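These are my notebook entries on a structure I have been asked to examine. I begin by displaying the sequence and the model.

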Amino acid sequence: MKTWNNKAWFMVVPVVILVAFSAVIPLMTVVNYSVQDTFGNNQFFWAGLEWFNEIVNSERFHDALGRQFLFTFLILAIEIPLGIFIALHMPTGGWGRPASLVLMSLPLLIPWNVVGTIWQIFGRSDIGLLGHTLQLMGIEYNYTQNTLDAWVTIIVMDVWHWTSLVALLAYAGLQSIPEAYYQAARIDGASRWAVFRYIQLPKMSSVLLIAFLLRFMDSFMIYTEPFVVTGGGPGNSTTLLSIDLVKMAIGQFDLGPAAAFSLVYFLIILLLSWVFYTVMTNIEKRGD
Amino acid sequence: MAEIQLKQLAHSYLPHPAGPHDYALKRIDHVWEDGKAYALLGPSGCGKSTLLNIISGLLQPSEGQVCFDAQDVTNLPTEQRRIAQVFQFPVVYDTMSVYDNLAFPLRNHGHAEGVVRERVLKIAEMLDLSAVLKQKARGLTADAKQTISLGRGLVRESVAAILFDEPLTVIDPHLKHTLRMQLKRLHQQFNHTMIYVTHDQTEALSFADRVVVMYDGDVVQMGSPQELFERPAHTFVGYFIGSPGMNVLDARVEGNRAYVDGRTIPLAQGYDAIAGEKVEIGVRPEFVRLVRKEDAGESGLPVTVKRIEDIGRFKIARTEFFGRELNVVIPEGTAVSDHANRVLFDARHVNVYADGWIVEGEAA
Amino acid sequence: MALQLESISKVAGRETHIYPMDLSLEAGTLNVLLGPTLSGKTSLMRLMAGLDKPTGGRVVWNGKDVTGTPVQRRNVAMVYQQFINYPSMTVYENIASPLRLQGLDKSTIDRKVHEIAELMKLDPMLTRKPLELSGGQQQRCALARALVKGADLVLLDEPLANLDYKLREELRVEIPRFFTESGSIFVYATTEPSEALLLGGNTAAMWEGRITQFGPTLEVYREPVSATTAQVFSDPPMNFVNVEKAGDRLLFGEGQSASASGDLLALPDDRYMAGFRPNHLSLNPLEGQVLKFNAEVTVAEITGSETFVHLQHADDAPWVALAHGVHELPIGQLAEVFVDVRNIYFFNAEEELVAAAAATKAA
């Protein structure tokens, strides 16, 4: 069975080279740094797992990790139901359909640091629409000095930015449900909630799984937007994992610990994604 | 169980229909008797699904009324019409078990769990689903899922009618028998009013007490399977029912004889002058015999035999008579001579048609 | 021109779709793959076409091993159950597409397209798009596109299954017509035995990934080598009853017996399965050596000129009798049914045919 498969391998070689240079080799470099110590003068000493130990046991890491979990949890808890809700109410025909699809896509098209900048300015009490309005209404709002305000800002910003993705994916899932299901549900006397719970949600489940995993990974790795708005502050109250990592690597130039940090970070995301994926596909399969 | 009346019912999908061709369903006045099994038979696009959806309430007719037991339900939504419908594709709630699927309609109507349990178990036994009640509906075969769909329809006590929209489409041919039998048995046991839409004449004829044949939005004939077979009211019915369909030949009819291309064919009845432009005679292949010239007598038509197809329980002789196709069904065990080149029609089963519609004659 | 499959098999994951089998198809033949869904018909056709690689064995075309050749290089055409046409092209363009790929000149293409369009009765629709046509016309367009290529191997995977009953009949009558005009090898998959019988040619009866019998259609029908083949080839399914041979008597239970003669006499004394087709189970007394059974009517299905009567006999699997004319029989009625011994097939415990119905041999 040789002849026709071999050509396919040649097609793949350019991609392999590209991925190797842009991902694999840098990753190996990071691994290299994570197990060595250097004073910057190109002299390296083997440090073994010392950095890993330091990172995993450091309070700073634990705090950032905690903040990150909180952030991701809030994001998912808001965006997934909100996205589904929007998808359920988007028009399915007529001119409303393309109009709503375009409207939904707009936030996704904006470069991320521009998103951050938009909200940063939006929230300022002197020149920002939101900030100024709140000030006029007598509400105290300062995201640079108030921790709660900062958190609310970055969360609202992320919801504004990314809920559309969930909505569009859920909408696509909904469109694939044949009309017969809705008709049968009407005949069975099902309530709106029952239709949602027993027909729409199960049929959307595979699409929602993708949406969930995407949002989980992206929000866990988020850097640009919150950094532009709050810079990790006030103090370090919005210093999420990636922001902390960058501070360490570039700010303090602690390459060893930073490299170890990145690897731990990478492994956490990998592990959690795998766990979620397995759990969710098993929930689906358990019925068969 | 209810009697369903259609009064002056018609439907057009266009907001301002101009003429008959804009109507998907042309005017129909019809009573579906309580407890009978009906089949709506016709080719794609004849309006049968439209009619079914109007009865079930999924579609509002643009004209006319639908009444259940003299109560006007035309504007009543589906949920309140007490009908059950089985669709082309099995519709089951994937996340629920078979038991919960069957219980769903009852629970939606607020029945007590005890009542629900009793009904579900009874229906499950009737449909041979008792063994799989605990399983999730998702993993079952297509015919099991269709049975569950059917069960969901039956589980409610007061069902006015059960409607079927080409339900055997996705079922394996081997299992079609089994499901058809189940439906027939259910009907004979419980006497629900059942309306079954299909384009398959075997399904229609074997399921129904009365078959309604539709074509292009019109009801062409309604009758028992036997009537439709032996006396099709329209050449379309003759063509559509029976495999192969009825043979139709242009003819001139005078008294009790028909003249086809110079040959005389005796008829069982006498006909006066026939109004209409196109006069034809129709005879089913089952009532035509293929014989040798010597055995034909005067009324045999000369034909060329193109092919003889053997399908086991009978043979089909495809012959040609002056450029027209004439099919003959030869029962198993009847010998056919190689020299057979004449066909004889059984006069009692030759019908006369004017402009497509059957003409009644007087007994000769 | 001949296609040979040698010890070909297909295993996907842990499931065997095709067990090792041999098949030899000659040029200019129409071969029907008959079997229920999931019996392996589509898998086998895909192996023939080169869309799938076999797990074992080889595909030989005219003596040359083409197992490794991808489908684009083989001269194959395929028609599917779903009407597959290029939606953005007109019917003319659709039919012309394989010819354009072959690099023929414009006038030849034009001639061939019109030839086949006439054969398929698509002349008036050449300028329309496929989605504007009815189901039957779309499938004719797909068929035309497959045939115009003049491929050596034409595969049709249940092409009529999605059509209305009547359209199916019409197209089915026409298929042998196109087939005789070319010289290719046709392979046609179907689940309906009557289709196989109507098309003629050769039939391969398939069951769960194996070919149980291959040969001229009528032969496979009249002389099935196994009970499985007989089952595959009967619609409604064949009826079975247990029989015991003792010396020169065949004992069928209920005090019914018949004398064994001819081939039957030579069989060893043992228990066998007697099978007979529904059209040989009669509600009216018959002449000759006839067995009479008492059965209970479960349901009677009227189909116009015939009635299928479903019966329950003792503990056997349900029986079906095909009676001519209209018989209205209520559920639960006891009926006497008759079978001529000459119409009975005998199968041994391994479900192999040991004696074919005597009637078929005399015919």
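I took contact to mean heavy atoms within 4.5 Å. The model is predicted, so to speak of local features I required pLDDT of at least 70, and for side-chain atom pairs pLDDT 80 or more, while totals for chains, interfaces and linings use all residues. Residues are numbered from 1 along each chain as its sequence is written, chains are lettered from A in the order in which they are written, and side-chain values use heavy atoms, without hydrogens and water.

Entry 1, the interface. I looked up the contact between two chains and found 36 residues from chain C and 38 residues from chain B. I then looked for salt bridges (a side-chain nitrogen of Lys or Arg within 4 Å of a carboxyl oxygen of Asp or Glu). The rule finds one across this interface. Asp310(B) pairs with Arg222(C), and their closest N and O atoms are 3.5 Å apart.

I used helices (H or I, at least four residues) and strands (E, at least two) as DSSP runs, numbered from the N terminus. Among the elements of chain C that give two or more residues to the side touching chain B are helix H7 (217-222) and strand S16 (290-302). H5(C) supplies the largest share, seven residues.
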